[in-house]
Amino acid sequence: MATTASTATAKPAEQQTEVRRAQNPVLKRLKRYAPLFIMIIPGVIYLFINNYLPMLGLIIAFKDVNFAKGILASDWIGFKNFEYLFKTEDAWIITRNTLLYNISFIILNLIIAVGIAILLNEVKKKVAARFYQSIVLIPYLISMVIVGYLVLAMLSGETGFINKQILPLFGIDPISWYSEPKYWPVILVIVNVWKNVGYLCIIYLAAIIGIDPEYYEAATIDGAGKWRQITQITIPLIAPVITIMTLLQIGRIFYSDFGLFYQVPLNTGELLSTTNVVDTYVYRALINLGDIGMSSAAGLYQSVVGFVLVLLSNYIVSKRNRDNALF
Amino acid sequence: MVNTKDKIFQAAIHVFFIAVVLMCLMPFVLLLTTSFTSEASIVKEGYSLVPSEWSLDAYKFLWSDAENITRSYGITIFVTLIGTFVGLSISALLSYPMSRSDMPMKKQLAFYVFFTMLFNGGLVPTYIIYTQVFDMKNSLLALIIPGLLTNGFFVLIMRTFFQNSIPHAIIESASIDGAGEFKIFFKMILPLSLPILATIGLMQTIGYWNDWFNGLIYITDSKLFSLQNLLNRILLNAQFIQNNASTLNAGEVANAQIPLETVRMAMAVIGVVPLLCAYPFFQKYFVKGLVIGAVKG
Amino acid sequence: MRKRTNGIVAMLLTVMLVLAACGGNSGGSASNAGATNAAGGETGGASELKPYEMTVAFLSIGNTKDLAEVQAEVNKITQAKINATVKFLPIDIGAWQQQMNLMLAGNEPLDILVTGTGLNFGTQAAKGQLVEMDDLLAKYGQDIQKVVGEDVIKAGSSNGKIYALPSVRDWAADYGLVMRQDIVDKHKIDVNAIKTLDDLTAVFQTIKDNEPGMAAVLPEGPSFSVIQSMVGSVIDPLGDENGVLVGFDGELKVVNWYETPEYASLVKKAREWYNAGFIPKDVSTNQTTSEQLIKANKAFAFMAHMKPGYESKESLLTGTPLVAARISPAISTTSSIANIMFGIARNSEDPERAMMFLNLLYSDADLVNLIDYGIKGKHYEVKDGNIIGFPAGVDSSSSTYNPTHGWMWGNQLLSHIWEGDNADLWTKLDEFNKSAVKSKALGFSFTADPVKTEVAAVQNVKEQFKIGLENGTLDPDKYLPEYIAKLKSAGMDKIVAEKQKQLDEWAAANK
């Protein structure tokens, strides 16, 4: 354990030397870092073109767009495009659903993906480890539409696997899954974990593989068991990755996977009380209207909520450990 | 003593993973068998691992379009290779300087990158920029550049990896030895970062391989359809015809008799299998990252 | 503090650098946009005889491998008649909505496009993406006016101006039940005696008692409801069913359909059928078409909105002879006409020429046949009189041009008839259209823009309750009042009032 502690304290010392260097004359400093600035040029330009330029389009959210006049010359209408998001009894339900689902996804995905990644790293037979790794990724590769059909194969009232094979084993009567909203929070969480854990697991696995084996060797000499190695070495050392992944997901907490909430419940009206989220609400609202002002208003609303939450959580993180913060 | 404990631990892990594998694999097997089932038995009995009647109809239907599907495979492979390579390079080049604790303005840069993950101007402005400023409609570039080339998520994840798995000391010592930044990056940082490069590379590959959206909005020339785009279009057209068969003329009704349920699954199969075959290539790099100790020593 | 200002300055610097780097590009964007607007403003000044190439976007449904050859033949006709060439732009149905929205938002060459109530016509007209046609029609569209007729042509209007032209096809529908002939014969069901929904109940009971494993009735298809195919015989939906006219000869009084006793009795009927086991329990999650379920012996019948020749086509799909019980006369409303139309895009540099081409689509039989069926002798052969079919050795799988889109292109009555259909198909269709009961509001089309907030909220409420109530899976005693209450709180009354206002204005203008 001594090793971990000493590397952790080594960092501030490095930073001090940098602070001193930063006091050098500006020109010299520019020259020193010119190669690094050259490296970032392609990425900065790409993001500028691909993301920042189109952001001018955010004004669409405040306009009554008329293409005959052109987007810029269309009338400003203030927040009228946003009204439909709040002017419904369901606004509360949709907000609640979106947030609760995303919070449970963030937590469960994290625990399960890190758990599987740690266990994968413990598998001694390489062939087996590789095999497990590839299989866990399969669900991520299947599109949500197909997943919707596979879920139907499981849950269908008459021919479904669960109703026909599983429930009779326990002497339970068949359940009509698609008309009972109360089961869907569980179903959707399971489907989401099943589909995405493999993908997230790879990121954590890469982080674990990057850990210097010396730590474990030292720990083994100290007589630390597997459990202690995991909790005292592995998890602290991948904590920065965990933090960043969580922060990134918080930024998108008001968005949701449209396929999961629309295709998987097969757009069943009876289930809306537990399956309607912001994205599906907007989709349904605009099916017939196709109004681009209203759709960009929804996007802007989602972004702003995520932005505020992420600034807040980033602030909290940076209070505790500046290095782990997003920016 | 330690040995038996270890053996039990290993056995327990394997039992756990066999359960996980079953959960991930069973639905895929169901998908596979469904694609070989006759349409009639699906309508009658639903999906089944042991259908009452097997059939190759779905694949025969896709085979009738073999010429287009082969071409679209070619396009997808080309786009995936180029896109993954270029995108990975851009992401690595952007994220490495951000990871350096001595880099000026790194927080602002991180914010610049992160902001793109939250706000977007929507489809219409993006489309106008790519088609009218860069004239990319109906070009291969439209399948590579918009949206997919790199994104804030990849960049920030890579930055975190560089930050945490590459000791600053080795950069210092190399630079004292007179190595330039580019040399350090290409000769030291990249070889040390193979696991994360492989991870992000895999994600880029999956992104390009499964993308149908760029094709949907930027491509009208059927010669440039990528695989997922083509499959998506075939499926939606077949669906439309089936749902609107009553508007057709009698002679055209034959077109509406497509085994849709099984074709959908067969399409998923021919889309996923090549990716699974590519996976071991990335896995190869998952173990090679363990050389930090060697470099340090 | 000082450090932070430095940071901001540096940030600005980077942005400016980047801006400078892409300056050429963004400048190009702005000037392009300027050019767009200018071009949009002063079109039509060009001499009419100058050659012009127009882009015509259409829904690509079937096989159009030889489209280039067909296009060359089409251009021979159009060059001779209006000195223009046509560039066809087929777009798949799966890509249509996205690509058309984007093309109309951008500045791509596009002159003519397919549109309709289900294809965003309302928004396109309201957002200025389509060219207003009244003057063009008067000048260059005389044949269209003659063929389509004064009432029907108004179906493509918005705010009193015409923006799109309906193709000539079935402009009306009659409603009823389509049943398997063999089962009907087996149980000696008298099809002609079926006149009301209660008569249907008796038929369904017979099936339920005698044909185990077979659903007595299905909706028209997945994501339809059983009742949906009857609603059209009771109301004019005035577009979106938010505010309707009940009956077809009464006064122009818009009401909330879901509050009416007529609606209540329909959903009660659905509930009765569902409880009696006539409607399958998994109806709301069913993903299989009704035709396939009939083919697989899983069902006896489905509800449908029909037109002449409907049963014979459906029989081909189900592989078993079908017979229809029509329980309503043919009814024609704006909605049934405005499904498929042609509009002229704002992007067009010569809307006059576009109108001339549209006029040909309603008057030139050679042109229509060419587009609908391809080149004579190569893609089709005349079999007998007006009946055509594949040339010898060609079938639907080896054909190189079989686009199956006659219903989209102008005047379908000018085209040949494909073998398998009756030789008098078009005569029948024409009579059907002419004899249909016409809604009092035929030609009125609602502009949702002033109440779009309410329409958006109401749509979500409808998605939650409508199909469940109309398939009988939801108990109307409990859920119908809840449905009505939620519709009201979402602003249904405001939509109804707005629609009434627009309808009154329309009625005053069309006195």
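Residues are called buried under 20% relative accessible area, exposed over 50% and partly exposed in between, with a 1.4 Å probe and protein chains only. The model is predicted, so local features need pLDDT of at least 70 and side-chain atom pairs count only at pLDDT 80 or more, while totals for chains, interfaces and linings use all residues. Residues are numbered from 1 along each chain, and side-chain values use heavy atoms, without hydrogens and water.

1. B:Phe78, at 42% relative accessibility, counts as partly exposed, and B:Phe78 lies in helix α4 (residues 66-99) of chain B, helices being DSSP runs (H or I) of at least four residues.

2. Together with B:Ile77, B:Leu81, B:Ile82, B:Phe85, B:Val86 and B:Leu140, B:Phe78 makes a nonpolar surface patch of about 630 Å²; such patches join nonpolar side chains within 5 Å, from residues with over 30% relative accessible area and no salt bridge.

3. Between chain B and chain A about 8,800 Å² is buried, 74% of it on carbon and sulfur atoms, where buried area is the accessible area (1.4 Å probe) lost on putting two parts together, summed over both. Of the area that chain B buries against chain A, B:Phe17, B:Tyr112 and B:Phe119 supply 8%, more than any other three residues.

4. Contact, meaning heavy atoms within 4.5 Å, involves 94 residues of chain B and 90 residues of chain A.

5. Three salt bridges cross this interface of chain B and chain A, each a side-chain nitrogen of Lys or Arg within 4 Å of a carboxyl oxygen of Asp or Glu; A:Lys124 and B:Asp6 meet in a salt bridge at 2.4 Å, N to O.

Definitions and conventions: Chains are lettered from A and ligands numbered from 1 in the order in which they are written. Patches are made of residues with over 30% relative accessible area and no salt bridge: like charges are joined within 9 Å, nonpolar side chains (Val, Leu, Ile, Met, Phe, Trp, Tyr) within 5 Å. Accessible areas come from the Shrake-Rupley method with a 1.4 Å probe; for residues, only the protein chains shown count as cover. Helices (H or I, at least four residues) and strands (E, at least two) are DSSP runs, numbered from the N terminus.
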